[in-house]
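Here is a briefing on one protein chain. Look at the structure first, then read the points below.

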Amino acid sequence: MPSFLRCLLLVISFLLSKPLFAQEEDRYNHYGAQLNAVFQVHDQIKKGTPWPVVLSYLKKQESKKGDWFYLDKSNLVGAIEATILYRSRFSQVICLDTASVDALLAILMDTVVTCAPDPKPLTNADEPFMMEEPDQVEMIHHEFARRGKIALPDLMRHLTDTAATRTIRDNGDSSQEIPYSLRVCDFVLYFIEHITQCDFLDNTQGHILSAETPDRQQKVCQQVQNWWAANKNTTKAEGIYWQLENQFFSIEMCERLDKLGEKDLVIQLLTAQYSKSRTPQSTCFPYAHNLNIARALEEKYNIDLALEDCANGMTNYRCNNGAEKAYYILRYDTTGFWYMALAEVVATEPYTTYHRGGEVWKSIFAGIISVEAEHALPVLIQLMKRKEIAHEPNKGFPATVWTRKYPESAQHNLRVCDFALLQWLEVVKKIGWMERNGAREFVEQLGSINLSSSDTRDAQIAKIIEKYGRSR
């Protein structure tokens, strides 16, 4: 193509693309202006700018249907208008210990704070704040905690109150990190949860009620009403138990119940909740919420439900995702009891059987290197019986962590049994096992490992298996 034609095409392409560039630039500038307006509004709120001034600034900001700013602006305009109207009903000076609930909330609307309250209530509603100079919000929180249940009916009336406050928080959108002015209803739910020690909302939106969908907000409000109808005259422990059994189950509420002296009841509740997913048709490893319940039972009460399920699932080959069961035991079994299931899998799993997610014993091989405790030894002895090359291309062996630890050995194309031998010797020396078991002379007689002679290593492995392979 002649050079002048090439130049002509470039000029035409540039002229055609210029309007597109201009449109994109306009869009970018419009978005930037909206974003700047959002931060300006919330900065004014945090600094204590009078609400009418904030409202006037916000209304002047350009927005149109379809913009992401349009809905946020409309909601905030309505919230600030509600705040101005509500605040006008009360004097500026209000005595905290004699004020009505409505008056205390009026103070809260106009109080500038440096940070929002924690999303979850304190473990003990009677705990004092530890700050030397609590701000007005903390003092109001103190006052509601002091009044206790007597304040609940009036607080509940404000669960739908979306008037704005001067407390600014991230609304949970980590991609935008757009600030959010907490509404009165958000504080009210926080106060209610603190007084009752019950959870009514999870952390899906950072525990901000007004940021939830209308259906979710309505459900939370109904749950509070249900709780109050059933627990007006109950003790704190009875109220938590009712909530756990009837509306909302959380490990945090179980912890609060435990602190009130109900340990046996908590174990019963956690076990029953975990067992809901355990049926003859569903015996596999639990996930998500149920797994957190299992961890609470294991950590706090030494009841190994999930560890037992993992061991049973692996050794009986009933469940998928055997790798995840193996890693769960490797990570959480501190007693060594369930490690015997890992050893059994390595010893008995057919060499050619492929399980969904990979052969289970390979996952055990990949994870056992990080265990430097006596209960790893039986597993390593079983791995010494496997002669597969551990670092062959395209064989699917997860030997990377091993070759990182033993960079020189990776050059010798070592087998699974060789890596297990290396790790076994390191562990018995590191944990003092030789002294406790009178094995120092035996280990010394094994000698150093010869990385270039598989026959020498096989002889060492045979001696270890013969002496300790049947001992546990």
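Contact here means heavy atoms within 4.5 Å. This is a predicted model: local features need pLDDT of at least 70, side-chain atom pairs count only at pLDDT 80 or more, and totals for chains, interfaces and linings use all residues. Residues are numbered from 1 along each chain as its sequence is written, and side-chain values use heavy atoms, with hydrogens and water left out.

**Overall picture**

- The protein chain has 22 helices and two strands. Both are DSSP runs numbered from the N terminus: helices are H or I with at least four residues, strands are E with at least two.
- Of its 472 residues, 46% count as buried. Buried means under 20% relative accessible area, exposed means over 50%, and partly exposed lies in between (1.4 Å probe, protein chains only).
- Take the contacts in the chain with a separation of 6 or more: residues 24 or more positions apart account for 64% of them.

**His158**

- His158 sits in the loop between helix 6 (152-156) and strand 1.
- Its relative accessible area is 5%, so His158 is buried.
- Which residues does His158 contact, leaving aside its neighbours within four places in sequence? They are Tyr86, Asp102, Leu105, Val184, Cys185 and Val188.

**Salt bridges**

- A salt bridge is a side-chain nitrogen of Lys or Arg within 4 Å of a carboxyl oxygen of Asp or Glu. The count by this rule is 22.
- Asp110 pairs with Arg166 in a salt bridge, the closest N and O atoms being 3.3 Å apart. The pair links distant parts of the chain, 56 residues apart: Asp110 is in the loop between helix 4 (101-109) and helix 5 (136-147), and Arg166 is in strand 1 (residues 164-170).
- Asp110 counts as partly exposed, because its relative accessibility is 30%. Arg166 counts as buried, because its value is 2%.
- Lys300 forms a salt bridge with Glu255, with 3.8 Å between the closest N and O atoms. This pair also links distant parts of the chain: Lys300 lies in helix 12 (residues 288-301) and Glu255 in helix 10 (residues 251-259), 45 residues apart.
- Lys300 is partly exposed at 46% relative accessibility. Glu255 is partly exposed too, with a relative accessible area of 33%.
- Glu388 and Arg386 meet through their side chains in a salt bridge of 3.6 Å, N to O. Both Glu388 and Arg386 are buried.

**Helix 2**

- Trp51, Val54, Leu55 and Leu58 are the buried residues of helix 2 (residues 51-60). They are on the same side of helix 2, because they cover an arc of only 100° around the axis. The arc is that of the directions from the helix axis to the C-beta atoms.
- Pro52 and Lys60 are exposed on the other side of helix 2.

**Helix 16 and its cover**

- Why is helix 16 (residues 360-367) described as largely enclosed by the rest of the structure? Eight of its eight residues are buried.
- Those buried residues are Val360, Trp361, Lys362, Ser363, Ile364, Phe365, Ala366 and Gly367.
- The cover over them includes helix 13 (305-315), helix 14 (322-332), helix 15 (339-348), helix 17 (377-383), helix 18 (400-405) and helix 19 (416-430).

**Helix 13 against helix 15**

- The axes of helix 13 and helix 15 come within 9 Å and cross at roughly 10°. Helix 13 is therefore roughly parallel to helix 15.
- Axes are lines fitted to C-alpha atoms, for helices over the stretch in contact, and angles run from 0 to 180 degrees between N-to-C directions. Angles under 35 degrees count as roughly parallel, over 145 as roughly antiparallel, 65 to 115 as roughly perpendicular and the rest as oblique.
- Ala311, Met314 and Thr315 of helix 13 make the contact with Ala341, Leu342, Glu344 and Val345 of helix 15.

**Gln423**

- Gln423 is in helix 19. With a relative accessible area of 0%, Gln423 is buried.
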